[in-house]
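Dear colleague,

Please read them with the model open beside you.

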Amino acid sequence: MNDFYEFNIAKEILLSLEKLGYKNPTEVQKKVVPLVLKNKDIIVESQTGSGKTAAFAIPICERVEIENSNPQALILTPTRELAVQIKEDISNIGRFKKVRCTAIFGKQIFSSQVRELKQRIHVVVGTPGRTLDHIERGTINLSGINYLVIDEADEMLNMGFIDQVKNIINKLPPKRVTMLFSATMSEKIQILCHEYMKDPEVINIKAEKPITEKIKDYYYIVEGKDKFDLLKKIIYTENPDSAMIFCNTRNSVETLFSILRDKGFSCVSIHGGMLQQDRLNVIKSFSRGEFTFLVATDIAARGIDIANVTHVINYDLPFEKESYVHRIGRTGRGENNGKAISFVTPNQCRFLNEIEEYIERTINKAQLPELRDIEVGKNLFNERLKNKPKLKKEKSFELNKNILKIYINAGKKKKIRNVDIVGTISNINGVESEDIGIIDIQDNLSYIDILNGKGSLVIEALREKTMKGKKIRCERAER
Ligand code: AMP
């Protein structure tokens with residue numbers, strides 16, 4: 001199969017995939033999509049970066065009934081950042097079919113999630129703790145869930161979420177399709193599958209290209225006190241476009257971030273002690289290319305999909321050997337290559353050996369950069385600092401460029417319904433009902449996606465129109 005058409009899915013979904021630039025299904029998509037469309041339970045062993053999110057998102061978007069207002073698919077994922085990323089992927093793939101997806105996770109205002117869950121929502125992506133909170137308080141309706149995805153199952157176990165996951169599964173309708181994705185398959189995961197899945201099909205996806213072909217990794221032996229000096233040398237000689245620098249603790253992230261920032265490096269930082277909204281903003285601005293360096297703890301190591309990260313630097317060698325693989329996997333994604341550089345203090349050689357045993361290969365020791373190269377690189381680097389950073393194009397750019405979100409100052413309290421909005425807008429000269437995307441009616445206002453580049457036309461025209469006999473105010477909304 002060399003084309004998404006052979007999946008026999010709705011043209012609205014094909015259009016989204018085309019606009020996202022997905023030309024052919026990846027290996028995992030080729031295997032998973034047809035099975036899920038046949039309602040088979042599946043266990044998938046595959047790495048992030050293989051296109052696994054779309055592998056479950058495509059069949060879920062295909063099977064969702066748009067007119068049905070209750071959630072029909074639940075996706076459980078270990079971290080809040082991943083929940084947001086998956087929500088965005090599903091919203092993109094379902095954009096033209098008008099699939100509505102929401103993410104629920106901790107440290108975000110509960111009541112606004114409750115409000116969102118009361119709307120027409122087809123797919124819910126949640127972290128286990130917050131999902132369970134909503135179940136216990138009766139603020140989520142799970143009676144219509146037909147699809148359950150347990151994403152990053154191994155990480156879910158590592159983080160101690162297993163009982164919460166089991167608790168959630170026990171609250172779901174037994175007649176459903178269950179999909180489990182994991183980078184590794186431990187005995188515990190197999191027991192979980194055995195308990196909660198019906199005759200599952202097991203899919204094992206080998207990486208198309210071995211990781212070593214795409215990511216060059218090497219290490220330096222360095223005393224703790226000399227690490228920053230070495231980092232600077234590497235930055236000057238490598239001149240990375242976009243680099244993630246990993247430290248093991250919040251404190252070390254903060255310390256290194258302050259030093260880099262004070263020395264004028266273009267950087268942001270992320271760790272678990274930060275406010276959730278700040279964490280999301282950091283990921284967004286770094287993804288857009290507004291900053292060259294992201295200093296991070298392991299919360300950014302897993303699953304986070306940032307395009308064109310050219311370098312990963314393990315400023316601290318990870319405590320967990322699995323983390324090494326997750327961290328370096330932030331570079332060399334898709335078609336790109338990448339470099340991963342680890343700092344090893346003399347007394348950490350033992351940990352390095354453990355990592356090598358785990359990945360079943362040796363990592364090369366690097367030579368210190370030459371003084372002359374450092375000087376030349378430093379000048380080039382400083383030259384580059386004078387220019388504004390070149391922003392990266394978001395992967396949904398083509399998909400969203402002709403879509404404008406607008407809002408009107410009328411909602412449920414004025415008894416506005418979908419039909420009123422569709423009726424009024426499709427009455428505008430030059431606008432058809434196909435130009436109207438997702439409609440989100442809240443108490444006092446409503447958001448409407450206007451497709452096909454007709455946003456400005458609709459805003460202009462609505463200024464002259466009434467809805468339910470009243471004039472309305474209409475503006476462009478922030479995305
Ligand atoms: P994931 O494994 O879900 O984290 O996906 C890794 C990356 O591959 C993401 O940036 C996706 O947008 C991208 N991707 C997924 N499916 C395809 C496809 N069929 N063709 C090209 N890129 C894809």
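Helix α5 (residues 110–118) packs against helix α6 (residues 128–136) at an angle of about 70 degrees, their axes being 12 Å apart, which makes α5 roughly perpendicular to α6 (a term for angles of 65 to 115 degrees). On the α5 side the contact (heavy atoms within 4.5 Å) is made by F110, Q113, V114 and L117, and on the α6 side by R130, D133 and H134; of these residues, three are nonpolar, two polar and two charged.

This is a predicted model, in which local features need pLDDT of at least 70 and side-chain atom pairs count only at pLDDT 80 or more, while totals for chains, interfaces and linings use all residues. Residues are numbered from 1 along each chain as its sequence is written, and side-chain values use heavy atoms, with hydrogens and water left out.

The count of salt bridges (a side-chain nitrogen of Lys or Arg within 4 Å of a carboxyl oxygen of Asp or Glu) comes to 24. In one of them D298 meets R327 at 2.7 Å, N to O; D298 lies in the loop between β11 (293–296) and β12 (311–314) and R327 in helix α14 (residues 321–328), so the pair ties together parts 29 residues apart in sequence.

Best wishes

Methods
Axes are lines fitted to C-alpha atoms, for helices over the stretch in contact, and angles run from 0 to 180 degrees between N-to-C directions. Helices (H or I, at least four residues) and strands (E, at least two) are DSSP runs, numbered from the N terminus. Angles under 35 degrees count as roughly parallel, over 145 as roughly antiparallel, 65 to 115 as roughly perpendicular and the rest as oblique. Ala, Val, Leu, Ile, Met, Phe, Trp, Tyr, Cys and Pro count as nonpolar, Asp, Glu, Lys and Arg as charged, and the others, Gly among them, as polar.
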